[in-house]
Protein chains: 2
Amino acid sequence: MNRKIYFAGSIRGGRADSEIYSRMIAYLSAYGEVLTEHVGSQALTAAGEDVVTDEYIFQRDIHWIRKADVVVAEVSTPSIGVGYEIATAEKMHKPVLCLYREKDGRKLSAMIAGNAVLHIAQYATFEEATEEIDRFFRSLDG
Amino acid sequence: MNRKIYFAGSIRGGRADSEIYSRMIAYLSAYGEVLTEHVGSQALTAAGEDVVTDEYIFQRDIHWIRKADVVVAEVSTPSIGVGYEIATAEKMHKPVLCLYREKDGRKLSAMIAGNAVLHIAQYATFEEATEEIDRFFRSLDG
């Protein structure tokens, strides 16, 4: 399996969902190599990666998006970086799955929810998220 | 003055800074027409615009970014939409100013802070923000 997957989740926007990111990355690993495994690390706080510069992170992440076959984004926690990554992937014509869980009555950005090019899937339980991931990969193969 | 300005600020990501957006939009109006005046409206909550569909908002905002000569984004409140708009404007080769105020020790996303194409300016007081806006427009004219 040589598929490369870019997983996007909030880091400096807040780490409230980091455990979900970790479980999604583990699940996605059955479908290919997840380039951004650090996004799910419980050791990574909202301070972000601290041994590399912002310029390094930016260049590396753009390189990884370019290399990726697909992008999977968890979009429940507001994050400037995740929005930037989704738009960047879209402009590179990568298939993008956005997984959304309603929290605190918060609504998903219209720039995502109203965008017909993206695959958007709402979930409540982790099992539902995995079903949406399965459906997304089936749609790519089909 | 026929310059068109797209102002980006958080809506569904949270409205904590809506008063600052409102003051920035008023200040920017001296430099041209702000297409997105509603972003500063105190009547607009995190529920977002409710008389139009997400598809309408998405199409309208992309059209406005395309029409705009410059984009000014307030990036202190994490927001998927603002990140998406910045990346979209960048891909259209629009000059983008990102205004950032440190809150709750939060750091700006590396996808913005590490991106050499964007104009990034940190501010503490509103007066500092206006100085950064002045400097940005001078740099475009220069």
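**View 1. Polar contacts across the interface of chain B and chain A.** In this predicted model, 14 residue pairs, both at pLDDT 80 or more, are in polar contact across the interface of chain B and chain A. A polar contact here is a pair of N or O atoms within 3.5 Å; within protein, one must be able to donate a hydrogen and the other to accept it, and residues adjacent in sequence count only if both atoms are side-chain atoms. Salt bridges across this interface number zero, a salt bridge being a side-chain nitrogen of Lys or Arg within 4 Å of a carboxyl oxygen of Asp or Glu. Local features need pLDDT of at least 70 and side-chain atom pairs pLDDT 80 or more, while totals for chains, interfaces and linings use all residues. Residues are numbered from 1 along each chain as its sequence is written, chains are lettered from A and ligands numbered from 1 in the order in which they are written, and side-chain values use heavy atoms, leaving out hydrogens and water.

**View 2. The two sides of the contact.** Chain B and chain A each bring 35 residues to the contact, which means heavy atoms within 4.5 Å. Together they bury about 3000 Å², 66% of it on carbon and sulfur atoms; this is the accessible area (1.4 Å probe) that two parts lose on being put together, summed over both. Look for B:Ile80, B:Tyr84 and B:Met111, which supply 27% of the area that chain B buries against chain A, more than any other three residues.

**View 3. A salt bridge between B:Asp17 and B:Arg101.** The closest N and O atoms of B:Asp17 and B:Arg101 are 3.0 Å apart. B:Asp17 sits in the loop between β1 and α1 (18–28) of chain B and B:Arg101 in the loop between β4 (96–100) and α4 of chain B, so the pair ties together parts 84 residues apart in sequence. Helices (H or I, at least four residues) and strands (E, at least two) are DSSP runs, numbered from the N terminus. B:Asp17 is buried, at 4% relative accessible area, and B:Arg101 is buried at 14%; buried means under 20%, exposed over 50% and partly exposed in between (1.4 Å probe, protein chains only).

**View 4. A salt bridge between A:Asp141 and A:Arg3.** Here the closest N and O atoms are 3.8 Å apart. A:Asp141 belongs to helix α5 (residues 126–141) of chain A, and A:Arg3 to the segment before β1 (4–8) of chain A, 138 residues apart. A:Asp141 is exposed at 59% relative accessibility, whereas A:Arg3 is buried at 19%.
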